[in-house]
Amino acid sequence: MKYSKETKNRKIGSGVSIPAVTLAVFSSAVVMISLVLLVNYISGVVDRQAALEESVQVQLTEESAVAGLNMDLMNSNIRDFSDIPVYSLGGLDTSFRMVGTSAVPPLELTWRSQGSRILSALPVGKNIFVLSEYDNGLRIDLLTGTDVENSVEVLLIPEWNAEQYSIAGSSCSGSPVLFLLTRTLGREYVTIVSPETGSESYNVSLPFWNESSLLSAGCIGGKPALLISEGTNQAQLFIQDSLPLLTVSSPPGTTPVFYGQDQLYGSMDGSYTENGKYPIYSVLQDDFDENGSDDLLFIGSGSLSFVSEASGSFILDTLPGGRLLAWGLTERDMILSAKWIEGTSHERWRALTEEGFADSAGPEFHPFNWEGRLASSRNSIIGSIDGSIIIADENSEKLITVCNTQNAVLCELDGEDLDLIYTDNDLLTILLNPLDGDGLILTLRSVTYNDDTILSENIWNIQIYGNIHNRRVQYERAG
Amino acid sequence: MRGLAEMKRSLSGSFFRGLIILSSVFLLLTLVLLLFAESIRNVEDRKNALLLANQIFSTLSGSFYPEVGVYDSSAVSGGVQYGIRRTVSEVSPGIREMHIYVGRNDGSNRIELVRKYYDLENRNL
């Protein structure tokens, strides 16, 4: 009876036992808690995913805005830095507010060779071939434009024992081509190096070649071609897969060269007999008469010849007993000028006029001992003084020594203004647009927002270089 | 003896009831999980799609300027194939807008991102 009483006490209502009810209650609680936790977790994951997607779009909108600002600054669309437009994308807006400004020196890019010492750097269009020592060999790298971080090794010669070498480069069928002329064990070889086709070597027999010989590379019928000149009006022409060498001649006071778009200055029909009266040691190509087409300037120790590409006119200037010391575009008006020395020290400047070369006062603001090539901008002049590349600033009247003349070359890597490439041991430096003077650094705060909600804030440093006609802008996130 | 037999019967009855309740709970939980599995899969898809879109944008940066048109491709992430559509339109001279749509091949769980590109080579447009 006692047992029966206790058993009855464990049942409630319609005969369901207490443990079963407890189990059901606990189970329901577990289910409810699990459900709530799961719903919270899932909605949390969904919310986080949505926030992640929005943050990516915020980042893209901000990057697009900075790229748009970059474009507007390059095109000089923004006159007032305190009134920068708002850039919109993907339903979001980005605005900029100026935090500060300061001056920055011309932009310098550096590249370190994987080999050891850099032997030569040769600009070809917007590319640079760099030759450097590599143990006992030679390594050739190619830098594309100002993208110095992505250089390509185009050739590695493990054992290089050339007694003498010279280089020249050109763009052929859209690809940069390097000519490496070497003398090994008394024999001469032309090696054509290209990132597209690798390298090919040819044994050539040159009637002359020394370190002062002039090399000019170009393209004939789609094939790389090389002119080797002793500085006279005759040169030997090498064309890939085509031997023997051909003879090309040009008027006295000039030497055959390639110029412009694969054009050859000189003729192959023997129009001019050999004339060594005006030995040439350098050739310069630029639009000296500012008519939109490049002209040629042949520089000799005692002669200066100007060939206008547009009119084909040829002007030869000589001074009896005079030595040509410096040449190039000087002054704000970009006049082609040349500095001569008569006798031992009498300096005389000659400038190109419509009637030919005539006496001039020379660079008015920069009466220094210039040597070699000169180039100018509105406020600065770059050239060589006592073996160093110097920039003379008209505003500050300062002379800035940049580098040694021997390892430096002026070229147009970036836009239309001159850039300077120079090497020191295993380091190559590209000084972009040094004639434009200092640049400007703008510090801007960007705010990306949706309606009134701020989604992202950043600080940007915008570096502006160049002039209104050729402006270069770089930007980076500062914080 | 009688009391023991009654207790056994009572316990056996409770065991079966408990089993039924636990089975019901298990079934209920399974049902709930099945209900949310679709949501979890959607989130997983969108996560992978976002990862793919981000990778595409990171390769199309710097001075890149896209050609106008519609470009379709696909990629596999997490063992699932995703369809990628890029539509590039010129919003004004020198400015192009690229929309990237990444989602399952059947068009579900598609995310959309947009970026503008500027023609820095041909300035003063």
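Predicted model: local features only at pLDDT ≥ 70, side-chain atom pairs only at ≥ 80, totals over all residues.
Residues are numbered from 1 along each chain as its sequence is written, and chains are lettered from A in the order in which they are written. Local features need pLDDT of at least 70, side-chain atom pairs count only at pLDDT 80 or more, totals for chains, interfaces and linings use all residues, and side-chain values use heavy atoms, with hydrogens and water left out.

We can begin with the sheet. Four strands of chain A form an open, antiparallel sheet in the order S6-S7-S8-S9; strands are DSSP runs (E, at least two residues) numbered from the N terminus, and two of them pair if DSSP finds at least two bridges between them. Strand S6 (118-124) and strand S9 (147-157) of chain A are the edge strands, each pairing on one side only. Strand S7 (residues 127-134) and strand S8 (residues 137-144) of chain A are joined in the antiparallel sense by eight bridges. Within S8(A), Gly137(A) stands opposite Tyr134(A).

The cysteines come next. Over all chains, the structure holds one disulfide (a pair of cysteine sulfur atoms within 2.5 Å). Its partners are Cys172(A) and Cys219(A), with an S to S distance of 1.9 Å. The pair links distant parts of the chain, 47 residues apart: Cys172(A) lies in strand S10 (residues 164-172) and Cys219(A) in strand S14 (residues 214-220) of chain A. The disulfide of Cys172(A) and Cys219(A) is right-handed because the torsion about its S-S bond is about 60°.

Cys172(A) counts as buried at 5% relative accessibility, where buried means under 20% relative accessible area (1.4 Å probe, protein chains only). Cys219(A), at 6%, also counts as buried. Cys403(A) is buried at 12% relative accessibility, and Cys411(A) is buried with a relative accessible area of 8%.

Terms used. Buried < 20%, exposed > 50% of the residue type's maximum accessible area, 1.4 Å probe, protein only.
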